[in-house]
Amino acid sequence: MTTKLFRNARIVTPQDPGAPLRGADQGKVREIEGGALLCRHGLVDRVGEEAEVREAAKGTEIHEEVDLGGRCVIPGFVDPHTHLCFAARREEEFRLRLEGTPYLEILRRGGGILSSVRSVRSASDEELFETTLGNAMSALEHGTTTVEVKSGYGLDTETELRMLRVIDRLRRETPLDVAATFMGGHAVAEDYRDRPDQFVDLLCGEMIPAVAEQGIARFCDVFCEEGVFSVDQSRRILLAARAAGLELKIHADEVHDLGGAGLAAELGTVSAEHLLAASEPNLEAMAEAGVIAALLPATAYSLRKPYAPGRRMVELGVPVALATDCNPGSCFCESMPFVFGLGVMHMGFSLEEALVASTLNAAYAIGLGHRVGSLDPGKSADFLVLDGSTPAILAYHAGVNPVAEVYKRAEWVA
């Protein structure tokens with residue numbers, strides 16, 4: 001175990017108050033010119049101006065000093081919503097969408113999620129892992145040091161459990177911290193197309209108990225949307241998951257205002273995702289319940305839809321996080337810098353608000369705010385060295401990777 005001093009940096013980080021930042025505090029960050037990080041055993045020990053950090057470290061053997069060249073240092077990105085675990089891309093569907101075919105129509109034709117289900121079921125464990133690993137390593141190179149990964153391309157018990165094992169292998173064999181989410185309620189399986197309530201019975205009676213017994217997934221998510229799962233069906237699934245010991249998430253109101261955001265507030269889910277069509281009363285209810293809004297602007301970009309009303313959510317006091325939604329269909333994007341840029345350029349977030357949304361609040365959206373998401377003493381020393389002097393470089397230098405170096409637990413990983 002070593003002690004390292006990272007010096008000569010402009011450090012910009014949220015400060016963790018023990019809860020996600022919201023409202024007027026959504027953009028609350030600390031900036032330190034001439035800053036330094038003292039790291040012990042992979043954790044942040046001290047952060048501040050270099051002279052202060054050196055004074056605090058007197059008498060401590062420093063095994064390594066790293067000069068960061070005056071560049072900007074921010075916490076590692078936390079991506080709280082991905083579908084990285086898949087077997088095949090769906091490039092042809094992207095072409096269909098460009099020609100005007102709606103996503104839900106593609107799904108009704110057996111494409112979309114159901115296409116990915118067929119490819120995942122036919123892939124070997126090793127094939128599935130290799131594709132997932134490639135996606136994860138690309139995310140790491142773009143600055144993601146902690147990631148949530150959902151199942152949901154199995155839609156039967158055996159394949160969902162297999163996906164979760166692959167996701168757990170990603171946690172064990174890469175530098176990334178990985179939060180696993182069970183999403184057997186991603187779509188109604190083809191065999192149950194005309195009897196969706198029976199598929200909900202399968203989810204609640206067989207899949208969720210098996211997932212809980214397996215012990216890999218921390219969360220359960222469901223796609224509450226017209227043509228997928230109704231509010232009542234989603235409630236059944238989520239309550240069964242809670243009874244089995246899983247924490248709750250929900251894909252809510254992505255295409256239609258079905259009331260998923262209201263259900264998130266009712267059940268007190270950790271987060272509600274998408275929210276492009278969510279009504280203001282339901283967003284107000286989310287704010288009251290403390291539900292985090294995980295917004296996915298790269299998906300709106302890919303689907304050519306209006307962005308979620310992130311600015312209004314901040315005004316209402318909803319804590320906002322940003323995520324890639326990386327998946328093989330509606331949004332093949334593993335770049336958090338791109339998402340950060342969309343948040344600034346198209347959703348009305350300040351640079352500071354986007355930084356909080358993609359670090360600290362994102363960490364709370366997957367239950368890891370106590371470990372990652374800010375450069376506070378006692379947290380994992382996960383940080384990025386940017387190719388610039390401020391976080392503005394993330395939106396300013398568009399179309400490239402502005403992350404120069406990635407450190408995980410104080411070790412260089414990319």
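**Ground rules**

I am working with a predicted model, in which local features need pLDDT of at least 70 and side-chain atom pairs count only at pLDDT 80 or more, while totals for chains, interfaces and linings use all residues. Residues are numbered from 1 along each chain as its sequence is written, and side-chain values use heavy atoms, with hydrogens and water left out.

**The whole chain**

I began with the secondary structure and found 16 helices and 16 strands in the protein chain. The radius of gyration is 21 Å, close to the 22 Å of the globule rule for 414 residues, so the chain is as compact as a globular protein of that length. For the record, that radius is taken over C-alpha atoms, and the rule is 2.2 Å times the number of residues to the power 0.38. Helices (H or I, at least four residues) and strands (E, at least two) are DSSP runs, numbered from the N terminus.

I then looked up the extent of the C-alpha trace, which spans about 70 × 45 × 40 Å along its principal axes. Of the 414 residues, 60% count as buried; here buried means under 20% relative accessible area, exposed over 50%, and partly exposed in between, with a 1.4 Å probe and protein chains only. Among contacts in the chain with a separation of 6 or more, 72% come from residues 24 or more positions apart.

The surface came next: the chain exposes about 15300 Å², with carbon and sulfur atoms supplying 48% of it. Those areas come from the Shrake-Rupley method with a 1.4 Å probe, and for residues only the protein chains shown count as cover. I also noted 40 positive and 61 negative side chains, the centres of the two sets lying 1 Å apart. Lys and Arg count as positive and Asp and Glu as negative, while His and the chain ends are not counted; each charge is placed at NZ of Lys, CZ of Arg, CG of Asp or CD of Glu.

**The annotated domain**

The UniProt record, an unreviewed entry, places "domain: Amidohydrolase-related" at residues 73-408. Its positions are in the numbering used here, feature names are shortened, and annotations may be inferred rather than shown by experiment. Over that stretch I find 44% helix and 16% strand, with the end C-alpha atoms 13 Å apart.

**Around H4 and H5**

In helix H4 (residues 113-122), I listed the buried residues as Ile-113, Leu-114, Ser-116, Val-117, Ser-119 and Val-120. Their cover includes helix H3 (103-108), helix H5 (125-141), helix H6 (157-173) and strand E9 (219-224).

Ala-123 sits in the loop between H4 and H5 and counts as buried at 10% relative accessibility. Setting aside neighbours within four places in sequence, Ala-123 is in contact with Ala-87, Leu-128 and Arg-162. Its C-alpha atom is 9.3 Å from that of Phe-86, 37 residues apart along the chain.

Thr-131 belongs to helix H5 and is partly exposed, with a relative accessible area of 25%. Apart from neighbours within four places, Thr-131 is in contact with Phe-86 and Ala-87.

**Helix H9**

How many residues of H9 (residues 260-267) are buried? I get seven of its eight, so the helix is mostly covered. The buried ones are Gly-260, Ala-261, Gly-262, Leu-263, Ala-264, Ala-265 and Leu-267. Cover for them includes E9, helix H8 (231-243), strand E10 (247-252), strand E11 (271-274) and helix H10 (280-289). After H9 comes Gly-268, with a positive phi near 65 degrees.

From Leu-267 I went back to Thr-131: their C-alpha atoms are 35 Å apart, across 136 residues of chain.

**Leu-37 in E2**

Leu-37 is in strand E2 (residues 29-40) and is buried, with a relative accessible area of 2%. Not counting residues up to four places away in sequence, Leu-37 touches partners including Lys-4, Phe-6, Val-47, Val-73, Leu-375 and Phe-383. The C-alpha atoms of Leu-37 and Arg-7 are 6.5 Å apart, although 30 residues separate them along the chain.

**The E15–E16 loop**

Last, I checked the loop between strand E15 (403-408) and strand E16 (411-412), where Arg-409 is placed. Arg-409 has a positive phi of about 50 degrees although it is not a glycine, and is partly exposed at 37% relative accessible area. Ala-410 is in the loop between E15 and E16 too, and its phi is also positive, near 70 degrees. Ala-410 is buried, with a relative accessible area of 4%.

Key. Contact means heavy atoms within 4.5 Å.
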